[in-house]
Amino acid sequence: MSAALAWSPPALDPFPERRDPVAHWLDPVETALLAGPRALAAAFGGRRARRILRAANIAEAATRALDDAALQDAIADLRADLRRAGLTASLLGRGCALVREAARRILGQRHHDVQVLGALALLDGRLAEMDTGEGKTLTSAMAVALAALSGLPTHVVTVNDYLAERDATQMGRLYRALGLTVGIIQHGLPPAGRAAAYACDIT
């Protein structure tokens, strides 16, 4: 009787997903085998991005000297070249300079070098982590604009309707100045409105 009274149900783990996975003997082998290729890919991607950044910085003075009509012509030429050749390093250098200048004129904000590198990381399919206040929205706007100019269907995902509307309003001025169409998806949008938004260059 006393043994029965002493029994209590086992304690439940309220956060089972936080438990550390069981280590497997192949884990360090996998880490060792992948470390080299990953390091090489990161080094190659970093060198390529810095090369593109240098090209953009060299082209910045000439781009700034263009009047508005000449800038629009240069953007139209870039769009045609990107759709024909894709996101090549030479075209990205020119594209970063043009988008940077368009942002300076339209938004009054010039992309810093670290923001250009962040945009290039996104275009390369990598993650870019930035602290609060470092300009994530402006950084992503360059990547979004260049991807859309190349003809890729480009979706910007936010956590709520407010941020979606804010980004579409603020950065939409830049996108439209680059000749791109912008759609926005919000809660309760009917199917016809969603279809129209998804048909835009940037959603």
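This is a predicted model: local features need pLDDT of at least 70, side-chain atom pairs count only at pLDDT 80 or more; totals for chains, interfaces and linings use all residues.
Helices H5 and H6, the latter spanning residues 136–149, pack with their axes 8 Å apart and at an angle of about 45°. Two packed helices are described by the angle between their axes and the distance between the axes.

H5 contributes Gln115, Val116, Gly118, Ala119, Leu122 and Leu123, while H6 contributes Leu138, Thr139, Ser140, Met142, Ala143, Leu146 and Ala147. Sorted by class, the contact of H5 with H6 has nine nonpolar and four polar residues, and no charged ones.

Helix H5 itself covers residues 113–123, and within it Gln115, Val116, Gly118, Ala119, Leu120 and Ala121 are buried. Consider Gly118, which lies in this helix. Because buried means under 20% relative accessible area, Gly118, at 8%, is counted as buried. Apart from its neighbours within four places in sequence, Gly118 is in contact with Ala128 and Thr139. Lys136 is 18 residues from Gly118 in sequence, and the C-alpha atoms of the two residues are 8.5 Å apart in space. After H5 comes Gly125, which has a positive phi, near 80°.

The axes of H4 and H5 come within 12 Å and cross at roughly 125°. That angle makes H4 oblique to H5. H4 passes H5 in a right-handed crossing. On the H4 side the contact is made by Leu92, Cys96 and Arg100, and on the H5 side by Asp113, Val116, Leu120 and Leu123. By class, this contact of H4 with H5 has five nonpolar and two charged residues, with no polar ones.

The description now turns to charged side chains. How many salt bridges does the count come to? The count comes to 13 salt bridges. One of them joins the side chains of Arg64 and Glu101, with a distance of 3.7 Å from N to O. Are the two partners buried or exposed? Arg64 counts as partly exposed because its relative accessibility is 39%, whereas Glu101, at 2%, counts as buried.

Glu101 also forms a salt bridge with Arg105, and here the closest N and O atoms are 2.7 Å apart. An α-helix has 3.6 residues a turn, so residues three or four places apart point the same way. Glu101 and Arg105 are four residues apart in helix H4 and are therefore separated by about one helical turn. Arg105 is partly exposed, with a relative accessible area of 25%. Salt bridges that share partners join Glu60, Arg64, Asp68, Arg100, Glu101, Arg104, Arg105, Arg110 and Asp113 into one network.

A further salt bridge is formed between the side chains of Arg79 and Asp201, at 3.6 Å from N to O. Arg79 lies in helix H3 (residues 68–85) and Asp201 in the segment after helix H9 (191–198), so this pair ties together parts that are 122 residues apart in sequence.

Note on methods: Residues are numbered from 1 along each chain as its sequence is written. Side-chain values use heavy atoms; hydrogens and water are left out. A salt bridge is a side-chain nitrogen of Lys or Arg within 4 Å of a carboxyl oxygen of Asp or Glu. Buried means under 20% relative accessible area, exposed over 50%, partly exposed in between (1.4 Å probe, protein chains only). Helices (H or I, at least four residues) and strands (E, at least two) are DSSP runs, numbered from the N terminus. Axes are lines fitted to C-alpha atoms, for helices over the stretch in contact, and angles run from 0 to 180 degrees between N-to-C directions. Angles under 35 degrees count as roughly parallel, over 145 as roughly antiparallel, 65 to 115 as roughly perpendicular and the rest as oblique. A crossing is left-handed if the near helix is turned anticlockwise from the far one by less than a right angle, and right-handed if clockwise. Contact means heavy atoms within 4.5 Å. Ala, Val, Leu, Ile, Met, Phe, Trp, Tyr, Cys and Pro count as nonpolar, Asp, Glu, Lys and Arg as charged, and the others, Gly among them, as polar.
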